[in-house]
Amino acid sequence: MNEDVPTLFEWAGGTEALNRLTHTFYGKVFQDPIVGPVFKNMSSDHPAHVAAFIGEVFGGPKTYSEEHGGHREMVMHHLGKHLSEEQRRRWINLLADAADEVGLPDDPEFRSAFTAYVEWGSRLAKMNSNLGETCDPETEPMPAWGWGVPGGPYKPPSAK
């Protein structure tokens, strides 16, 4: 990809913006009757861990892999949770609401990439949550998400 094109991490506003996103998001999650119970025993540093994970997936520092075990560890957190489609959809909606609330970029290109990752990742989490012992986290590489296929239609507005 062109060096002049920022990563999704950079376009989103970096670590600070993603931390605002996840703290606001999990504030909504705790109050929600559908997804709240899934996170009732969540540690207070969970939002920061998720921000680091999203940041790494979006091209930022490899903090989650280096400090928290990478994608394998994220998969492990979902095993046996038996997430429902209703919970997955609510999770997505709350995250989109939080993104609006904290002022993540709302240009169509960024939100398309953001939403595509959230849709893909939440489906993977739901699938892994229901696979249990048949899932092999050792084979789960850290995802890398960008603007789309190199040369494809999705580029940040300033790179068009």
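Helix H2 passes helix H6 in a right-handed crossing. This comes from a predicted model, so treat what follows as a guided look at that model. Helix H2 also passes H3 in a right-handed crossing, and H3 is where histidine 49 sits.

**H2 against H6**
- H2 covers residues 14–31 and H6 covers residues 85–102; their axes come within 8 Å and cross at roughly 130°.
- That angle makes H2 oblique to H6, because angles from 65 to 115 count as roughly perpendicular and only those over 145 count as roughly antiparallel.
- On the H2 side, the contact is made by Arg20, Leu21, Thr24, Phe25, Tyr26, Lys28 and Val29.
- H6 brings Trp91, Leu94, Leu95, Asp97, Ala98, Ala99, Glu101 and Val102 to that contact.
- Sort the residues of this contact by type and you get 10 nonpolar, one polar and four charged.

**H2 against H3**
- The axes of H2 and H3 come within 8 Å and cross at roughly 135°.
- That makes H2 oblique to H3 too.
- From H2, the residues Leu18, Asn19, Thr22, His23 and Tyr26 take part, and they meet His46, Pro47, Ala48, Val50, Ala51, Ile54 and Gly55 in H3.

**Histidine 49**
- Histidine 49 belongs to H3, which runs over residues 46–57.
- An unreviewed UniProt entry puts a "binding site" feature at His49.
- Histidine 49 counts as partly exposed because its relative accessibility is 23%, and buried would mean under 20%.
- Skip the neighbours within four places in sequence, and histidine 49 is in contact with Tyr64 and His68.

Definitions and conventions. Residues numbered from 1 in each chain as written. Predicted model: local features only at pLDDT ≥ 70, side-chain atom pairs only at ≥ 80, totals over all residues. Heavy atoms only, no water. Axes fitted to C-alpha atoms, helices over the stretch in contact; angles between N-to-C directions. Helix = DSSP H or I, 4+ residues; strand = E, 2+ residues; numbered from the N terminus. Parallel < 35°, antiparallel > 145°, perpendicular 65-115°, else oblique. Left-handed = near helix turned anticlockwise from the far one by under 90°. Contact = heavy atoms within 4.5 Å. Nonpolar A, V, L, I, M, F, W, Y, C, P; charged D, E, K, R; others polar. UniProt positions renumbered as here; feature names shortened; annotations may be inferred. Buried < 20%, exposed > 50% of the residue type's maximum accessible area, 1.4 Å probe, protein only.
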